Amino acid sequence: MEKKTKVKKGWLGVEVGLEDDEQGFQRFLIPISYLYHPLFQQLLDKAHEVYDYHTRGPLKLPCSVDDFLNIKRRVEKDSNHHHHHLPLTLAFHPC
């Protein structure tokens, strides 16, 4: 049985991975504010296409862990600079 951890207020638990990836899904905690960033909006749109938001448990994001970490790094960098100077498009690996 997996131990459930309590998520701090203002944070969201997400599972990142692709169905056919041998690494499986990895869990991350992200600030809820990330969900309003255009890059995460695109990732949420992709999650809606793949899962139709009918998943149990944490929000699943259909991208590789490497892609997710790259997106997270770009959002953090953007948040620190308070403006969007990076191209705001994502390229997803096929699921």
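Glutamate 49 is exposed, because its relative accessible area is 61% (exposed means over 50%, buried under 20%, and partly exposed in between, with a 1.4 Å probe and protein chains only). The place of this glutamate is in helix H1. The model is predicted, so local features need pLDDT of at least 70 and side-chain atom pairs count only at pLDDT 80 or more, while totals for chains, interfaces and linings use all residues. Residues are numbered from 1 along each chain as its sequence is written, and side-chain values use heavy atoms, with hydrogens and water left out.

**Overall make-up**

- The chain has two helices and three strands; helices (H or I, at least four residues) and strands (E, at least two) are DSSP runs, numbered from the N terminus.
- Along the sequence, these elements follow the pattern β-β-α-β-α.
- Of the 95 residues in the chain, 34% are buried.
- Among contacts between residues at least 6 apart in sequence, 53% join residues at least 24 apart; contact means heavy atoms within 4.5 Å.

**The sheet**

- Three strands form an open sheet in the order S2-S1-S3, and the pairing is mixed; two strands pair if DSSP finds at least two bridges between them.
- Strand S2 (26-31) and strand S3 (59-61) stand at the edges with a single partner strand each, so one side of each has no neighbour in the sheet.
- On average, neighbouring strands of this sheet are turned by 40° against each other, direction ignored; the axes are lines fitted to C-alpha atoms, for helices over the stretch in contact, and angles run from 0 to 180 degrees between N-to-C directions.
- Strands of a sheet pair through backbone hydrogen bonds, either parallel or antiparallel.
- Strand S1 (residues 11-16) runs antiparallel to S2, and six bridges join the two.
- One of the residues in S1 is glycine 13, which stands opposite leucine 29 in S2.
- Valine 16 has glutamine 26 in S2 as its bridge partner.
- S1 and S3 pair in the parallel sense, over three bridges.
- Glutamate 15 has lysine 60 in S3 as its bridge partner.

**Glycine 13 and its surroundings**

- Glycine 13 counts as buried because its relative accessibility is 8%.
- Not counting residues up to four places away in sequence, glycine 13 touches Val7, Arg27, Phe28, Leu29, Pro58 and Leu59.
- The C-alpha atoms of glycine 13 and proline 31 are separated by 9.0 Å, and the two residues are 18 residues apart along the chain.

**The nonpolar core**

- The largest nonpolar core has 18 residues, and those with the most contacts inside it are Val14, Val16, Ile30, Phe40, Leu43, Leu61 and Phe68.
- A nonpolar core is a set of buried Ala, Val, Leu, Ile, Met, Phe, Trp, Tyr and Cys residues joined through side-chain atoms within 4.5 Å.
- At least two residues of this core come from each of S1, S2, H1 and helix H2 (65-81).
- H1 gives the most to this core, with six residues.
- Leaving aside its neighbours within four places in sequence, valine 16 is in contact with Gly24, Phe25, Gln26, Phe28, Leu61, Cys63, Ser64, Val65 and Phe68.

**Aromatic rings**

- The count comes to three aromatic pairs; rings of Phe, Tyr and Trp (its six-membered ring) pair if their centres lie within 6.5 Å, and planes under 30 degrees apart count as stacked, over 60 as edge-to-face and the rest as tilted.
- Tyrosine 34 and phenylalanine 40 form a tilted pair, because their ring centres are 5.7 Å apart and their planes stand at 45°.
- Phenylalanine 40 and phenylalanine 68 form an edge-to-face pair, because their ring centres are 6.0 Å apart and their planes stand at 85°.
- Phenylalanine 40 lies in helix H1 and phenylalanine 68 in helix H2, so this pair ties together parts that are 28 residues apart in sequence.
- Phenylalanine 40 counts as buried at 1% relative accessibility, and phenylalanine 68 counts as buried at 0%.
- Ring pairs link Phe28, Tyr34, Phe40 and Phe68 into a cluster.
- Lysine 60 lies over the face of phenylalanine 25, at 4.7 Å from the ring centre (a charge sits over a ring if NZ of Lys or CZ of Arg is within 6 Å of the ring centre and within 35 degrees of the ring normal).
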